[in-house]
Amino acid sequence: MPVLSMRKPESSQTMNMVVQTLQIGAEQAGQRIDNFLLKTCKGVPKSHIYKAIRSGQVRVNKGRCQAEYRLLEGDSVRVPPFRMPNRDTRPRAPAASFPIVYEDDALLVIDKPAGVAVHGGSGVSFGVIEQLRAARPDARFLELAHRLDRETSGLLIIAKKRSALVALHQMMREGKGRKRYQALVEGDWQNDRQHLRQPLLKWLTSSGERRVKVDPLGKPAHTIINLMQRYAGRFSLVEAELKTGRTHQIRVHLAASGYPIVGDDKYGHDEVRALFSRRGFGRMFLHAWRLDIPHPASDEILRLEAALPPACQALLKELEQMS
């Protein structure tokens, strides 16, 4: 943890308006200064942080820095007086435990339930990572290695060391490892194996909601779909393997192919979602079920699995009986 020293407040109007001097430890080394400040100064708008860096109010070892600067162990960081939210008025994340699939001194892999965000933000006060930190107050480092959509269940990796986090991010950039999902889609999927390579572009709705669409101007994206089972020509269970990791990639690729995921409130059909909701299935049927990755420390291949949640299994049995 960084060592915190405080000078007298530069403004007497609020106790949050103070200059902070933070000493960087081993767990913070390697982070960009802008990302470090965004985590340290939670609640401060990004624009304020970048303005403070550009204007020289943020200093590293008493010198000016760029937003891209990567911190070194022992660096001294001057954080200017931002107007911070009062910590006492912010809701605290309740401690929570999640099913553990794998854990050692570098990694924690859990089976995330559907309906739980992986982190706070966008109208969510807290998520999995904040709840884990609350449940493990002695943990020096807990950071998400990747993300899952709120309504997606399954395998989620949390790094317990910065070295593990950096190694995992490098693996993902290089395309090492395999992440596979199971999805129930509308329609009768025909091909046993199919590659989807439509480019994906992020956009915002008029209400400010983030969406993704297939667009020639988008970023390259690659999903491999394997057929697992058909149900009376109306629904299909498929396995989706990610070769790239774009936002909403599986959901958009399947919907754009004419096979939206059952229960998808952004890219699926409302009438189908309502039909399954009346039958007691009120979630999106997308589950991160298998993960094959090299261990970030030993390079040994980890083969991890999380079974379909009971609600998904029960729905498949019902569809099989109907078939």
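## Exercises on a predicted model

Threonine 244 is found in the loop that links E14 and H5, and the model in which it is examined here is a predicted one.

**Exercise 1.** Determine whether threonine 244 is buried, partly exposed or exposed, and find which residues it touches.

*Solution.* Begin with the relative accessibility of threonine 244, which is 24%. Buried means under 20% and exposed means over 50%, so threonine 244, at 24%, counts as partly exposed. Next, setting aside residues up to four places away in sequence, threonine 244 touches Pro220, Ala221, His222 and Gln249. Finally, the C-alpha atoms of threonine 244 and glycine 175 are separated by 7.3 Å, although the two residues are 69 residues apart along the chain.

**Exercise 2.** Describe how helix H1 and helix H2 cross, and state which residues make the contact.

*Solution.* First, the axes of H1 (residues 33–40) and H2 (residues 46–54) come within 10 Å and cross at roughly 135°. Because of this angle, H1 is oblique to H2. The crossing in which H1 passes H2 is right-handed. On the H1 side the contact is made by Asp34, Leu37 and Leu38, and on the H2 side by Lys46, Ile49, Tyr50 and Ile53. Sorted by kind, the residues of this contact are five nonpolar, two charged and no polar.

**Exercise 3.** Identify the residues with the most contacts inside the largest nonpolar core.

*Solution.* The largest nonpolar core has 30 residues, and those with the most contacts inside it are Leu156, Ile158, Trp189, Ile250, Leu254 and Ile261. Among the elements that give two or more residues to this core are strand E8 (153–159) and helix H5 (249–256). A second, separate core has 18 residues, including Leu22 and Val60.

Key: Residues numbered from 1 in each chain as written. Predicted model: local features only at pLDDT ≥ 70, side-chain atom pairs only at ≥ 80, totals over all residues. Heavy atoms only, no water. Axes fitted to C-alpha atoms, helices over the stretch in contact; angles between N-to-C directions. Helix = DSSP H or I, 4+ residues; strand = E, 2+ residues; numbered from the N terminus. Parallel < 35°, antiparallel > 145°, perpendicular 65-115°, else oblique. Left-handed = near helix turned anticlockwise from the far one by under 90°. Contact = heavy atoms within 4.5 Å. Nonpolar A, V, L, I, M, F, W, Y, C, P; charged D, E, K, R; others polar. Core = buried A, V, L, I, M, F, W, Y, C linked by side-chain atoms within 4.5 Å. Buried < 20%, exposed > 50% of the residue type's maximum accessible area, 1.4 Å probe, protein only.
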